[in-house]
Amino acid sequence: MLIVKQGLPAGKSYDVDEAVKIIKERAKAKFDETIEVAVNLGVDPKHADQMVRGVCNLPNGSGRTARVAVFARGAKAEEAKAAGADIVGAEDLVEIVSKGTINFDRCIATPDMMGLVGRLGKVLGPRGMMPNPRVGTVTMDVVGAVKGAKGGSVEFRVEKAGIVHAGVGKASFTAEALVQNIKAFVDAVVKAKPTGSKGTYLKKVSLSSTMGPGLKLETSSVASGPVV
């Protein structure tokens, strides 16, 4: 880690284009490193009116193939399968998940299934996988939801320390594609600003690769609108 940080001045803020160039140059692992964005927000998630949660459709995908499960019956179940869902079920899937078997990364449900899926709160909730209409994972449009999850949409939720983070691409992506994804993600976080947020909302944005150094970004270079 000392090697990859060599030549990077401490405390410097970078324009997003420059930061992406540096991160890509220093992503030297033997695998395709994930490019990650971390956003420090001026919120206290312990208060309900300061919770930040949402979904962002990355314009160039995430570079990661998500395994998607859908709770649905009948025609909606068939639509989910046709759209590429990896696991589709109703009572049978609820029973499997209730036992702690989770072979998926994203979870979608039709509204009529939430009476059953609600029983899985203790299993899915701590993993941040509980279907929620606010992020489009409780919906009748299972085709759109599945394709979004497969195509690169990423969910985000603020952590206890007021930080939101997500993988927004791979080191093999072009610099232009990464910059577009980063800006789209930050904009989605800004749009999800809760009513209870006071003072500066977007406090710090950092960019890193899986094995590389973290760089602080100039917020004005990644946010298209007001950040307070």
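User: Is K81 buried, partly exposed or exposed, and what is its relative accessible area?
Analyst: In this predicted model, a residue counts as buried under 20% relative accessible area and as exposed over 50%. K81 falls in between and is therefore partly exposed, with a relative accessible area of 47%.

User: Which residue forms a salt bridge with K81?
Analyst: Side chains of opposite charge can pair when their charged atoms come close. For K81, the closest N and O atoms of the pair are 3.6 Å apart, and the two residues both lie in helix α3, three residues apart, about one turn of the helix. The partner, which is partly exposed with a relative accessible area of 48%, is E78.

User: What is the N to O distance in the salt bridge between E79 and K76?
Analyst: E79 and K76 both lie in helix α3, which spans residues 74-83, and they are three residues apart, about one turn of the helix. E79 counts as partly exposed at 30% relative accessibility, and K76 is partly exposed as well, with a relative accessible area of 21%. Their side chains meet in a salt bridge with an N to O distance of 3.3 Å.

User: K99 forms a salt bridge with E95; which relative accessibility makes K99 count as exposed?
Analyst: The closest N and O atoms of K99 and E95 are 3.6 Å apart. E95 counts as partly exposed at 46% relative accessibility. Exposed means over 50%, and K99 therefore counts as exposed at 63%.

User: Which residues do salt bridges with shared partners join into one network?
Analyst: A search of the whole structure finds ten salt bridges. Those that share partners join into one network R64, R67 and D105.

Note on methods:
Residues are numbered from 1 along each chain as its sequence is written. This is a predicted model: local features need pLDDT of at least 70, side-chain atom pairs count only at pLDDT 80 or more; totals for chains, interfaces and linings use all residues. Side-chain values use heavy atoms; hydrogens and water are left out. A salt bridge is a side-chain nitrogen of Lys or Arg within 4 Å of a carboxyl oxygen of Asp or Glu. Helices (H or I, at least four residues) and strands (E, at least two) are DSSP runs, numbered from the N terminus. Buried means under 20% relative accessible area, exposed over 50%, partly exposed in between (1.4 Å probe, protein chains only).
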